[in-house]
Amino acid sequence: MNQERRDFTKGPILKELLRFALPVLFALFLQVMYGAVDLLIVGKFGTAGDISAVSTGSQVMQVVTFAITSLAMGITILAGQKLGEQKPEEAGEAVGSGICLFAVIGVIMTICMVVFAGPIALIMKAPPEAYDLTVSYIRICGGGSLFIVAYNVIGSIFRGIGDSRMPLITVAIACVFNIAGDLIFVAVLGKGVAGAASATVLAQIISVVISVVIIRKRDMPFTLNREKIVFRSRVIRRILTLGIPIALQDFLVSISFLVILAIVNSMGLIASAGLGIAEKLCGFVMLVPSAYMQSMSAFVAQNVGAQKMDRARKALVCGIGTSLLVGIVMGYFSFFHGDILAGIFADSGETQVISAAADYLRAYAIDCLLTSFLFCFLGYFNGYGKTVFVMAQGIIGAFAVRIPVSYFAGRMAGATLFSIGLATPASSAVQILLCAGFFTFLLRQEKNS
């Protein structure tokens with residue numbers, strides 16, 4: 001089976017970017033579905049307490065997944081740059097050393113998530129009615145952390161070599177088996193939250209096993225054998241140098257959303273369940289900008305390696321323009337039809353939960369426009385290798401804007417999910433200004449060099 005690999009250093013920019021981004025988009029859609037199915041089926045066959053538990057637990061697991069995906073971007077960027085420099089064997093060394101690094105990380109994560117599931121649920125202020133269920137969900141899903149790491153690393157490797165189809169196959173396998181598992185464990189056997197978590201872990205295991213079998217039959221642009229899969233301190237340091245700032249930024253941004261969740265959890269079970277549904281919907285709403293962020297990183301990395309900076313900048317403009325068109329549509333539906341969207345995840349009798357979710361979505365609709373700019377900028381800077389700036393702007397947005405705004409909004413008399421939700425677009429606006437300033441700085445630096 002031949003390995004598809006795209007050379008982003010030549011050809012029509014928008015066409016190449018879209019051809020790579022579409023499989024990434026579908027993979028992200030399935031990834032969001034993967035997490036949303038638990039909430040969807042539990043919402044239809046369970047109670048508000050079940051919804052709250054899956055909502056809080058899946059948010060915690062999402063933070064873990066984002067951190068791993070972001071750290072693995074170090075492999076994507078380094079492999080992409082080495083291929084752009086026409087050094088395929090060094091790209092192979094990056095992949096081999098990365099596999100060793102993330103195997104260790106996966107083991108550590110598994111132990112921590114299982115042991116500290118209870119304290120995590122307390123920190124998240126899980127409502128008393130949903131506390132034990134939340135602990136159960138985190139502990140069961142945490143036990144599969146090694147497989148979360150594995151299939152995210154698989155995705156990062158293939159995006160780095162210009163193949164966005166293999167990550168799509170990986171997540172498609174997981175999504176199909178997760179849906180089947182949820183229907184069996186939750187809808188048929190009535191295992192509730194524990195059943196949803198078990199289905200998630202089982203799907204991850206099956207996905208990784210099948211994906212490895214497929215990969216072994218594929219040709220790679222470099223040799224990947226047992227001799228390559230070793231710890232190389234020089235390569236691992238480079239992966240971590242690129243990946244840690246991205247991971248830290250995404251982790252801290254995710255923490256800021258967990259802070260918002262904790263604030264909302266303290267408002268009661270209805271608000272907690274409503275936010276959980278809204279956040280799942282936001283995952284779908286943000287699919288296109290998220291796909292561009294990942295695709296832009298791989299596209300720009302190859303062109304930076306080939307010293308084609310003007311081509312990288314043109315890709316940024318193409319990404320922002322096409323993403324914005326979709327953002328306008330998503331913003332419209334989120335603002336004016338949030339109740340219909342929320343009804344997908346909740347029983348029609350849960351009118352209060354649906355109303356709370358729609359209230360939050362109205363605020364998020366503004367962010368649909370802003371992230372079209374922000375996410376493309378972040379992908380550009382990641383591919384450029386400017387991951388420290390990406391980390392800095394993310395921390396500023398999270399801790400100087402998002403958390404303070406949501407905290408004070410939550411303390412106001414008559415606080416609503418709409419007022420708390422405004423913290424997110426406020427943060428995005430500040431981050432866009434920072435990105436525009438840094439982009440101008442880099443442009444001047446290039447002209448002067």
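Reader: How many cavities of 30 Å³ or more does a search of the whole structure find?
Author: The model is a predicted one. Rolling a probe the size of a water molecule over the atoms shows where empty space is left. For cavities of 30 Å³ or more, a search of the whole structure gives a count of two.

Reader: What volume does the second largest cavity have?
Author: Residues that line this cavity include Val285, Met286, Ser323 and Cys368. Others among them are Pro289, Gly327, Met330 and Thr371. The volume of the second largest cavity is about 40 Å³.

Reader: Which element gives the largest share of the lining of the second largest cavity?
Author: The elements that give two or more residues to this lining are α12 (287-305), α13 (309-336) and α15. By class, the lining has seven nonpolar, three polar and no charged residues. The largest share is four residues, and the element that gives them is α13.

Reader: Where does Gln307 lie, and is Gln307 buried or exposed?
Author: Gln307 lies in the loop between α12 and α13. Phi of Gln307 is near 60°, a positive value in a residue other than glycine. Exposed means over 50% relative accessible area. Gln307 has 62%, so this residue is exposed.

Reader: Which residues lie nearest the centre of the second largest pocket?
Author: This pocket has a volume of about 420 Å³. Its lining holds 18 residues. By class they are 18 nonpolar, no polar and no charged. Nearest the centre are Val60, Val63, Ile120, Phe251 and Ile255.

Reader: Which element gives the most to the lining of the second largest pocket?
Author: Two or more lining residues come from each of α2 (48-71), α4 (88-115), α5 (117-123) and α10 (233-265). The top contribution is five residues, and it comes from α10.

Reader: How do the axes of α10 and α16 run, roughly parallel or roughly antiparallel?
Author: Two packed helices are described by the angle between their axes and the distance between the axes. The axes of α10 and helix α16 (residues 387-411) come within 8 Å and cross at roughly 5°. Angles under 35 degrees count as roughly parallel. The crossing angle therefore makes α10 and α16 roughly parallel.

Reader: How many residues of the contact of α10 with α16 are charged?
Author: The contact divides by class.

Reader: Is the pair of Tyr360 and Tyr364 stacked, tilted or edge-to-face?
Author: Both residues lie in helix α15 (residues 351-384), four residues apart, about one turn of the helix. Tyr360 and Tyr364 are both buried. Planes under 30 degrees apart count as stacked, and over 60 as edge-to-face. The ring centres are 5.9 Å apart and the planes stand at 40°, so the pair is tilted.

Reader: What kind of aromatic pair do Tyr380 and Phe381 form?
Author: Tyr380 and Phe381 are both buried. Their rings are 5.6 Å apart, centre to centre. The angle between the planes is 75°, and the pair is edge-to-face.

Reader: Which residues form one aromatic cluster with Tyr380 and Phe381?
Author: Rings pair if their centres lie within 6.5 Å. By this rule the count comes to 14 aromatic pairs. The cluster holds Tyr380 and Phe381 together with Phe377, Tyr384, Phe389, Phe438, Phe439 and Phe441.

Methods. Residues numbered from 1 in each chain as written. Predicted model: local features only at pLDDT ≥ 70, side-chain atom pairs only at ≥ 80, totals over all residues. Heavy atoms only, no water. 1 Å grid on protein atoms, 1.4 Å probe; cavity = no way out; pocket = protein on both sides within 12 Å on 5 of 7 lines; lining within 4 Å. Points joined across faces, edges and corners; volume = space filled by probe spheres on them. Nonpolar A, V, L, I, M, F, W, Y, C, P; charged D, E, K, R; others polar. Axes fitted to C-alpha atoms, helices over the stretch in contact; angles between N-to-C directions. Parallel < 35°, antiparallel > 145°, perpendicular 65-115°, else oblique. Phe/Tyr/Trp six-rings, centres within 6.5 Å; stacked < 30°, edge-to-face > 60°. Buried < 20%, exposed > 50% of the residue type's maximum accessible area, 1.4 Å probe, protein only.
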